[in-house]
Amino acid sequence: MFKIISSPHTHSGKLTMRIMLWVMFAMLPAIGLQVYYFGFGVLIQSALAISFALALELLVTFLRKKSTFAYISDFSVILTALILAVAIPPYAPHWIILIGTFCAVILGKHVYGGLGQNPFNPAMVGYVVLLTSFPLQMTTWMPAIQLLAEPPTFADATQLIFSGLTTDGFSLHQLTASIDGITQATPLDTGKLFYSTLASDSNIDVAYYDLVKLPIFMQNGWDLAQGWWQINLAFLLGGIFLILKKVIHWHIPVAMLGSFTVLSFLTELFSSSGHLSTVSQLFSGAMMFGAFFIATDPVTASITPRGKLVFGALVGSLLYLIRFHGNYPDGVAFAVLLSNICVPLIDHYTRPRVAGHRK
């Protein structure tokens, strides 16, 4: 007897495990830059997230009586944990990453039945829960460690994450006390605060205006935005690598970045209120990370060629609205999740015509 299986009878050779490994490999340069600028906290948060995510995966598969090896071996939960870990402040308390990982794995993935059935990006589910529940911890970024008189060692970073104090008894606030408070925010945070203050107070300090108007954020001869530009450039190069390897398609990143660029540029031309320049917006925050590594999630994004363009343009447009007219300086996670809701509708109206059938 022949074994009868349904079509298609060809296989692309793209195993889920291989795709996840390529994506993680493409993230390595950007993660290396994050470690260079922010220290060992990035690695500790990643280790915490991955180990807890694997433990949750084991528990859920046991309770659901599913094959543990089948779930663990696709590496999807590892990638979810890694994306979440690099998205949060490196020295956030340890319980932040544990709560976020729980929400990502359980609420974002397994509550819908597991990989392939979740309508929302799991890592962004965890991130949004953290951002809306713990805004203080999620927006407290340490400045570049090159600015610190005593950069935290691995032991200091571990103590800081688990107890809130370094081995010498210093808190995160005390470590950065000698640095201008503006350096504890990202360029997007600083720019949004500055321009909103400028709109309400025309007598804003001239020196402060000179600090951020370019926006090149200088402190003791150090360009504070430099690290964010380089990290975004690393994500851009990693994303191009994934496109060349045919792990992701170009449609979503190009549509997302294109729609955001057009709207941002038009705002620069016709808006009287101040904003960061379009180029600064493109290379700040999670822009490139979101365009190439988050919005392109094959499960939660559109699957048709035209649908990918519509989906990417929608993400870029929502991101523009949040950054320019919302309360959050960066809005990649919200834009992606809101666009995930629209995917069934987008796919329905962008289905390619099947040969022999009318449109």
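Q: Where is the place of Gly316?
A: Gly316 sits in helix H16, residues 305-325. Helices (H or I, at least four residues) and strands (E, at least two) are DSSP runs, numbered from the N terminus. This is a predicted model, where local features need pLDDT of at least 70 and side-chain atom pairs count only at pLDDT 80 or more, while totals for chains, interfaces and linings use all residues. Residues are numbered from 1 along each chain as its sequence is written, and side-chain values use heavy atoms, leaving out hydrogens and water.

Q: How many helices and strands does the chain have?
A: The chain has 17 helices and two strands.

Q: Is Gly316 buried or exposed?
A: Buried means under 20% relative accessible area, exposed over 50%, and partly exposed in between (1.4 Å probe, protein chains only). Gly316 comes out at 0%, so it counts as buried. Across the chain, buried residues make up 49% of the 359 residues. For a contrast, look at Phe265 in helix H13, residues 251-270: Phe265 is partly exposed, at 44%.

Q: Which residues does Gly316 touch, not counting residues up to four places away in sequence?
A: A contact means heavy atoms within 4.5 Å. With those neighbours set aside, Gly316 touches Met256, Ser259 and Phe260. Zooming out, of the chain's contacts with a separation of 6 or more, 75% are made by residues 24 or more positions apart.

Q: What volume has the largest pocket?
A: On a 1 Å grid over the protein atoms alone, a pocket is an open set with protein on both sides within 12 Å along at least five of seven lines, a cavity is a set of points where a 1.4 Å probe fits but cannot get out, and lining residues have an atom within 4 Å of a point. Points are joined across faces, edges and corners, and a volume is the space filled by probe spheres set on them. Here, the largest pocket has about 660 Å³. Its lining has 31 residues, and the closest to the centre are Ile19, Thr296, Asp297, Pro298 and Val299. Helix H1 (16-38), helix H4 (76-87), helix H6 (122-133) and helix H15 (287-294) each give two or more residues to that lining.
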